[in-house]
Amino acid sequence: MFLLGTLVNGLLIIIGTIIGKLLNRIPDSMRTTVMYAIGLSVIVLGLQMGLKSENFLIVIISLVMGAVFGELMQLEERLNQLGLWLEKKMGSIGAGGKGSIAEGFVTATLIFVIGAMAIIGALDSGIRGDHDVLYTKGLIDGFTSIILTTTLGVGVIFSAIPVMLYQGIIALFATQINTFIPQVLMDQFIVEMTATGGVMIFAIGLNLTGLVKIKVANLLPAIFVTGLIVTVLYLYNLYL
């Protein structure tokens with residue numbers, strides 16, 4: 001079953017959120033410190049990912065162009081509107097009265113979707129029926145869900161939906177992707193996509209610490225721009 005890894009990943013996010021909700025009676029001072037700890041950890045993770053680039057110029061161009069497209073499409077606003085719609089349907093039931101469904105949904109979705117493990121794991125599931133990468137990602141996401149829920153609320157649980165859709169679509173078309181895209185090109189894309197996503201993860205960490213407020217969702221088109229740039233460079237070098 002090629003969607004097994006994706007389903008397990010989504011289930012672990014849901015379980016993690018439920019556990020986090022049960023642990024929501026945390027003092028405000030502890031909640032604040034935990035939030036800073038999460039933010040700092042996410043910053044370090046993003047930094048590690050960002051440094052994996054073999055050509056950082058690709059990352060810079062991708063992020064700049066992605067930001068332009070994201071602002072034109074107002075992705076951050078649309079994602080927040082979806083979160084607010086969920087909040088109206090469910091009521092504001094953040095952890096211990098803190099946070100909101102919209103904030104938890106948006107933040108968790110960005111953290112769980114951005115990254116190489118989602119793509120690599122979904123491809124492994126679809127092509128080889130190997131779900132180990134997504135099982136590992138699911139455990140990480142589940143643990144992260146516990147922590148995020150204690151600070152941002154139960155909106156984290158809804159992030160399981162875009163995660164399963166995103167990874168499920170990749171797994172579904174994995175065979176076609178493997179057939180039409182050379183392995184060398186895929187490897188290059190994953191490296192630069194990881195670095196580009198790492199910068200976005202870094203920005204999420206800054207947002208969590210409260211230092212700045214970056215519209216990270218508006219940077220998401222950078223992933224597709226990265227794929228386009230890497231493809232153009234690959235074809236250029238191939239036929240040069």
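Buried residues, meaning those under 20% relative accessible area with a 1.4 Å probe and protein chains only, make up 48% of the 240 residues in the chain. This is a predicted model, in which local features need pLDDT of at least 70 and side-chain atom pairs count only at pLDDT 80 or more, whereas totals for chains, interfaces and linings use all residues. Residues are numbered from 1 along each chain as its sequence is written, and side-chain values use heavy atoms, with hydrogens and water left out.

**Overall fold and dimensions**

- The chain holds 11 helices and zero strands, where helices are DSSP runs of H or I with at least four residues, strands are runs of E with at least two, and numbering starts from the N terminus.
- For 240 residues a compact globule would have a radius of gyration near 18 Å, and the chain agrees with this because its value is 18 Å; the radius is taken over C-alpha atoms, and the globule rule is 2.2 Å times the number of residues to the power 0.38.
- Taken along the principal axes, the box filled by the C-alpha atoms is roughly 60 × 40 × 30 Å.
- Of the contacts (heavy atoms within 4.5 Å) between residues at least 6 apart in sequence, 84% join residues at least 24 apart.

**Helices H2 and H7**

- Helix H2 (residues 28-50) and helix H7 (residues 132-152) have axes that come within 9 Å and cross at roughly 135°, the axes being lines fitted to C-alpha atoms over the stretch in contact and the angles running from 0 to 180 degrees between N-to-C directions.
- That angle makes H2 oblique to H7, since angles under 35 degrees count as roughly parallel, over 145 as roughly antiparallel, 65 to 115 as roughly perpendicular and the rest as oblique.
- The crossing of H2 and H7 is left-handed, a term used if the near helix is turned anticlockwise from the far one by less than a right angle, with right-handed used if clockwise.
- On the H2 side Arg31, Val34, Met35 and Ile38 meet Ile147, Leu148, Thr150, Thr151 and Leu152 of H7.
- The residues of this contact divide into six nonpolar, two polar and one charged, with Ala, Val, Leu, Ile, Met, Phe, Trp, Tyr, Cys and Pro counted as nonpolar, Asp, Glu, Lys and Arg as charged, and the others, Gly among them, as polar.

**Helices H5 and H8**

- Helix H5 (residues 101-113) packs with helix H8 (residues 160-172) at an angle of about 25°, their axes being 9 Å apart, and the two are therefore roughly parallel to each other.
- The crossing of H5 and H8 is right-handed, and its contact is made by Phe105, Thr109, Phe112 and Val113 of H5 together with Pro162, Val163 and Tyr166 of H8.
- By class, the contact of H5 with H8 has six nonpolar, one polar and no charged residues.

Conventions:
Buried means under 20% relative accessible area, exposed over 50%, partly exposed in between (1.4 Å probe, protein chains only).
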